[in-house]
Amino acid sequence: MTRCSAPGKMILLGEHAVVFGKPALALAIDLRIYSEVVPSQQYSVNWHPMKKRHHAYISAALDEAWGGPPINVDTESEIPSGSGLGSSAAVTVSCVAAMLARKGKLDAEKVARMAFEVENTVQGRASPTDTSTSCHGFGVLVAPEKTDGFLWRIEKDKRQWNIHHCDVPKLTFVVGYTGIHAATGPLVAKVKKLVDDKDEARKAVDRIGEIVLEGVNATRSADKRRLGSLMNENHQLLRELGVSHPMLEKLVEACATKSYGAKLTGAGGGGSMIALTDEPKEVSAAIAAAGGEPIQIEVGCEGARVEKNSRGFKRPGEEPAQDLED
Ligand code: PMV
């Protein structure tokens, strides 16, 4: 029995533009997915026969990372699915990690590379942002150029990304979940079409890239005013790229007076927004009053890890779980 877990993430700045090779900054959050691998008579998920279409990420993870005899993959999630908080990346990373851990020694870069291939296969087009953040934890900057905190580099279909570790200061975010599930693949395809057809969309993508680099400095120095204003601008550009939703607009608007900045996070079209604030209770109340579900999260959390107790979540007072090797 081998059990691994991986955190969800929130994209602080740069979603969608990153698919075009621009930078993005994402933070690991304290909601995790736990995946456990055990020998079985047939390939199954939570003891139900595995179906490629229904278990797209787990089945692609098997193809990428396993190649062994039948196993059952048990998963438990703390992340609302389709919320834009990285549940598909966390399930992929935790499964790949559990499969590799069962076969031998773990290596975080290998897990992150394989998990990216899985997401790219399932979504049709992806960036390594979600999977590398879920794998490495804390903050991850994905960028076309190498800079401080460089971890590794990946190329795909003429695009290239350098993956960097980023320290995350104490910042308070509240998530507002719209309750609306939107698949990432079609939204990514929609933005690609817009960028192929329209100059303004191309310019929006370029500007988002600049915002991210400015945002990295604001994050490192915990300059909340600057970071908030960059989040607001990033949100406007995402709206221009057609990935907002009336409910996201409502929640972003509801947080305006009590936060430094707010924006959608992840693919959009529903999912979630985030607000940077010093008044989390007030912002949560505003989100709830506007019809959203507020989720209090901690950012800058640990990445993928092997869980020592292979049944049940780690309880307070138990020995800490073992880290993945970097
Ligand atoms: O749907 P999410 O939260 O996994 O976010 C997707 C982020 C995109 O930039 C839209 C796609 C990607 O692969 O980076």
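The radius of gyration is taken over C-alpha atoms, and the globule rule is 2.2 Å times the number of residues to the power 0.38.

**Figure 1. The whole predicted model.** This is a predicted model, in which local features need pLDDT of at least 70, side-chain atom pairs count only at pLDDT 80 or more, and totals for chains, interfaces and linings use all residues. Residues are numbered from 1 along each chain as its sequence is written, and side-chain values use heavy atoms, with hydrogens and water left out. With 326 residues, a compact globule would have a radius of gyration near 20 Å; the protein has 19 Å, which agrees. Its C-alpha trace spans about 55 × 45 × 35 Å along the principal axes. The secondary structure comes to nine helices and 14 strands (DSSP runs numbered from the N terminus: helices are H or I with at least four residues, strands are E with at least two). Of the 326 residues, 56% are buried. Buried means under 20% relative accessible area, exposed means over 50%, and partly exposed lies in between (1.4 Å probe, protein chains only). Take contacts between residues at least 6 apart in sequence: 71% of them join residues at least 24 apart. Contact means heavy atoms within 4.5 Å.

**Figure 2. Confidence, and the segment 311–323.** pLDDT is the predictor's confidence in each residue, from 0 to 100. The protein has a mean pLDDT of 91, and 94% of its residues reach 70 or more. Over residues 311–323, pLDDT stays under 50. The model has 28 contacts beyond four places in sequence for this segment. Where pLDDT is low, the predicted coordinates should not be read in detail.

**Figure 3. The aromatic pair.** The structure holds one aromatic pair. Phe-116 and Trp-161 form this pair, which is edge-to-face, with 5.8 Å centre to centre and 70° between the planes. The pair links distant parts of the chain: Phe-116 is in helix H3 (residues 108–123), Trp-161 is in strand E8 (residues 159–166), and the two are 45 residues apart. Rings of Phe, Tyr and Trp (its six-membered ring) pair if their centres lie within 6.5 Å; planes under 30 degrees apart count as stacked, over 60 as edge-to-face and the rest as tilted. Phe-116 counts as buried because its relative accessibility is 0%. Trp-161 is buried too, with a relative accessible area of 0%.

**Figure 4. A lysine over a ring.** Lys-146 lies over the face of Phe-150, at 4.5 Å from the ring centre. A charge sits over a ring if NZ of Lys or CZ of Arg is within 6 Å of the ring centre and within 35 degrees of the ring normal.

**Figure 5. Two loop residues with positive phi.** Most residues other than glycine have a negative phi. His-16 has a phi near 70°, a positive value. His-16 is in the loop between strand E1 (2–13) and strand E2 (24–39). At 5% relative accessibility, His-16 counts as buried. Asp-157 has a phi near 45°, also positive. Its loop runs between strand E7 (150–156) and E8. Asp-157 is exposed, since its relative accessible area is 56%.

**Figure 6. Asp-130 and its contacts.** Asp-130 is found in helix H4 (residues 129–136). Its relative accessible area is 15%, so Asp-130 is buried. Leaving aside neighbours within four places in sequence, Asp-130 is in contact with Lys-9, Ile-11, Ala-89 and Glu-119.
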